[in-house]
Amino acid sequence: MGNIKKLPFKGKHPDLVNGQSYTYEQFAKVAGVGYKCLYSRLYGKSYVTDKDLRPLKTHNIPKKWRAEWSGETDIVYSRFETAIEETSQKWLSRRI
């Protein structure tokens, strides 16, 4: 059998410690999603953030519960994963 892969966590989630490394199973349990779902979210990433640990169908969760979970009143997630993708989209959206 191989080694179990652990990724460091960088964020402010109440159940996790910033800088500590966790397995995919532990992250999935905290996020309330399945192992395979979380595995596909974290594919190719070198660390985990609060954004990666969002529950399924976050847009269906009432604002009062979202505030308790994340400490924010409105949660807006970007469709882009990297700063390069965001910059590229800004340039591609400009009028010619």
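Among contacts in the protein between residues at least 6 apart in sequence, what percentage join residues at least 24 apart? The answer is 28%, where a contact means heavy atoms within 4.5 Å.

Before we go on, some ground rules. This is a predicted model, so local features need pLDDT of at least 70 and side-chain atom pairs count only at pLDDT 80 or more, while totals for chains, interfaces and linings use all residues. Residues are numbered from 1 along each chain as its sequence is written, and side-chain values use heavy atoms, with hydrogens and water left out.

Now for the overall layout. Of the 96 residues, 22% are buried, meaning under 20% relative accessible area with a 1.4 Å probe and protein chains only (exposed is over 50%, and partly exposed is in between). The protein exposes about 7,800 Å², and carbon and sulfur atoms supply 53% of that; the areas come from the Shrake-Rupley method with a 1.4 Å probe.

Let's stop at His-13, in the loop between β1 (6-8) and β2 (21-23). His-13 counts as buried because its relative accessibility is 7%. Its side chain also reaches the backbone nitrogen of Asp-15 at 3.1 Å. That is a polar contact: a pair of N or O atoms within 3.5 Å, where, within protein, one must be able to donate a hydrogen and the other to accept it, and residues adjacent in sequence count only if both atoms are side-chain atoms.

Next up is Tyr-22, in strand β2. Tyr-22 has 12% relative accessibility, so it counts as buried too. Leaving out residues up to four places away in sequence, Tyr-22 touches Lys-5, Lys-6, Leu-7, Phe-9, Leu-16, Val-17 and Phe-27. Take Lys-5: Tyr-22 and Lys-5 are 17 residues apart in sequence, yet 8.3 Å apart in space, C-alpha to C-alpha. As for Val-17, its backbone nitrogen lies 2.9 Å from a polar atom of the Tyr-22 side chain.

Finally, have a look at the residues Tyr-43, Gly-44, Lys-45, Ser-46, Tyr-47, Thr-49, Lys-51, Asp-52, Glu-81 and Thr-82, which line the largest pocket. On a 1 Å grid over the protein atoms alone, a pocket is an open set of points where a 1.4 Å probe fits, with protein on both sides within 12 Å along at least five of seven lines, and lining residues have an atom within 4 Å of a point.

Key
Helices (H or I, at least four residues) and strands (E, at least two) are DSSP runs, numbered from the N terminus.
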